[in-house]
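Keep the viewer open as you read.

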Protein chains: 2
Amino acid sequence: MTFIEKLSAAWTANNSLLCVGLDPDVTKFPAQFKQQPDAIYAFCKAIIDATAETACAFKPQIAYFAALRAEDQLEALCAYMRSTYPQIPIVLDAKRGDIGATAEQYAREAYERYGADAVTVNPYMGFDSVAPYLEWKDRGVIILCRTSNPGGSDLQFLKADGKPVYQHVAQLVAEKWNTNGQCGLVVGATFPNELAQVRKIVGDMPLLVPGVGAQGGDVEATVKAGRTASGAGMMINSSRAILYAKELAGEDFAKASRRVAIETRDAINAFR
Amino acid sequence: MTFIEKLSAAWTANNSLLCVGLDPDVTKFPAQFKQQPDAIYAFCKAIIDATAETACAFKPQIAYFAALRAEDQLEALCAYMRSTYPQIPIVLDAKRGDIGATAEQYAREAYERYGADAVTVNPYMGFDSVAPYLEWKDRGVIILCRTSNPGGSDLQFLKADGKPVYQHVAQLVAEKWNTNGQCGLVVGATFPNELAQVRKIVGDMPLLVPGVGAQGGDVEATVKAGRTASGAGMMINSSRAILYAKELAGEDFAKASRRVAIETRDAINAFR
């Protein structure tokens, strides 16, 4: 089963476009994890178990593991996801970007070492920096297009031949780079008009859409701008709002995360 | 001492603009390393010892370590470089690029975990993806501008407002992003005219210049295009040509690497 097939099946099976982002910031962990040697693994595992039936994908952010020398915990976590929730794709958020010989190593890191179904990559170095990932034909390659952060406009919004750089990226990927039909794009929820532009350019290509939740993107505008004709086509990511959900009376952290994940999934589904 | 001061001192002390790139591909290692459990560390250490007096910087490429679960060997290697050759800056080649909260984690990975003097980053996500690195005022941030690979032109050569994207990057960094004077740029040796354009835009800013050696860039054209008035301003990188130098009669691999490093340094110095 390819990444795209797995993702499509998860959209249907869980009736969800929600991607749960795993950005484990130990300073925000509940007290019971503070002394635990594998706290990152234990915390993320609890979140995964609490949210698995609400999600179409899990997206671990490798920087949080790398900063703390916790690659072994990321490996264990990916192994846990693959064995316990094999129907939910793992998108490794790494945003790698390097020349061919080096990109090959990064592809091995993502697909072999962590067993990710897909990995995010940066398009700045062009096609030959993306090509090595395409050799893994059953995996996904999700390319930065229009990012949700304020600085995203610095380069992505420069206009060349009458259209902004991010639209060039969308077009290059749709028309040239996506040779095996395994590519997706990252397009932030903070710019629904631009999300709609990208959707027009790329047809049914899956979009990873960060920026709802803590980053403030509007769910209705995002879904209406980015959905495909079948009401899918997106992994709408929420990380911090789910991971560090404020607990209501009687809830522990995992129940609070599950509640916010369900609310987010349902808010998305209301506009599909 | 800041990264820039350390680099300037190394240019002078070693009379060299050569940056030795550490891209340890185990399939190319000499036979004696094949069975060694810390082969990557041992091989790179031998190269470092053989080339230290010829280099103004060392540039380990993290992908080669990450693909093989060898972050511990990269840590050990950086610790070895810092203690044995403290006068030679370590540029961690990671090409990271992500939003603020995540960039902070990557900065900690590079500067705290590995103790790198500088790290390469990708500009596609704009200023707020670079700003967290600038908080480390004694370290360097080396931003991709014009890369040496063929695909580099896909985006970097799009023209906006009459000039290519890579020149926008050079200008943004020179005029806005380099708030503490700690930035540098990556500009490939395969395009000497464009290197000259960048030099004009950025004044004396240090440039990391890959693409000589195995990638075929012309040394004379590169040096003439990129040098500053004082005949420095560049870290001209060679990785594979030095690491996997063909051994002459009577040489072992380390001596061959040293010889090629000396030849490259001298070829560069001939045109400074």
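Asp266(A) is partly exposed, at a relative accessible area of 37%; here buried means under 20% relative accessible area, exposed over 50%, and partly exposed in between (1.4 Å probe, protein chains only). The side chain of Asp266(A) meets that of Arg265(A) in a salt bridge, with 3.0 Å from N to O, where a salt bridge is a side-chain nitrogen of Lys or Arg within 4 Å of a carboxyl oxygen of Asp or Glu. Arg265(A), in turn, has 18% relative accessibility and counts as buried.

A word on conventions before we go on. This is a predicted model, in which local features need pLDDT of at least 70 and side-chain atom pairs count only at pLDDT 80 or more, while totals for chains, interfaces and linings use all residues. Residues are numbered from 1 along each chain as its sequence is written, chains are lettered from A and ligands numbered from 1 in the order in which they are written, and side-chain values use heavy atoms, with hydrogens and water left out.

Arg139(B) forms a salt bridge with Asp138(B), and their closest N and O atoms are 3.3 Å apart. Arg139(B) is buried at 18% relative accessible area, whereas Asp138(B) is partly exposed at 36%.

Now turn to helix α2 of chain B, residues 39-51, where Lys45(B) and Asp49(B) sit four residues apart and are therefore separated by about one helical turn. (Helices, H or I with at least four residues, and strands, E with at least two, are DSSP runs numbered from the N terminus.) The side chains of Lys45(B) and Asp49(B) meet in a salt bridge of 3.3 Å, N to O. Lys45(B) is partly exposed, at 26%, and Asp49(B) is partly exposed too, at 31%. Over all chains, a search of the whole structure finds 36 salt bridges.

How many of these salt bridges lie between chain B and chain A? The count is six. In one of them, Arg69(B) meets Glu75(A) with 2.5 Å from N to O. There is also a network of salt bridges that links Lys59(A), Asp93(A), Lys95(A) and Asp98(B).

Let's look at the whole interface. In chain B, 53 residues are in contact with 53 residues of chain A, contact meaning heavy atoms within 4.5 Å. The two chains bury about 4,400 Å² between them, 55% of it on carbon and sulfur atoms; buried area is the accessible area (1.4 Å probe) that two parts lose on being put together, summed over both. Gln105(B), Tyr124(B) and Leu155(B) supply 16% of the area that chain B buries against chain A, more than any other three residues.

Polar contacts cross this interface as well: 29 residue pairs make them, both residues being at pLDDT 80 or more. A polar contact is a pair of N or O atoms within 3.5 Å; within protein, one must be able to donate a hydrogen and the other to accept it, and residues adjacent in sequence count only if both atoms are side-chain atoms. The elements that give two or more residues to the side of chain B that touches chain A include α4 (71-84), α5 (100-113) and α8 (165-177) of chain B. Of these elements, α5(B) gives the most, with seven residues.

Helix α5 of chain B is also the place of Glu109(B), which is buried at 3% relative accessible area. The side chain of Glu109(B) makes a polar contact with that of Arg96(B), at 3.4 Å. Not counting residues up to four places away in sequence, Glu109(B) touches Ala66(A), Ala67(A), Ile62(B), Arg96(B) and Tyr114(B).

How are the chains related? A rotation of 180 degrees with 0.0 Å of shift along its axis superposes chain B on chain A, with an RMSD of 0.0 Å; this is the relation of a two-fold axis. The superposition is by least squares on the C-alpha atoms of residues with pLDDT of at least 70 in both copies. In chain B, the C-alpha nearest the axis belongs to Ala160(B), 2.2 Å from it. The interface residues of chain B are, to 100%, also interface residues in chain A, so the copies meet through the same surface.
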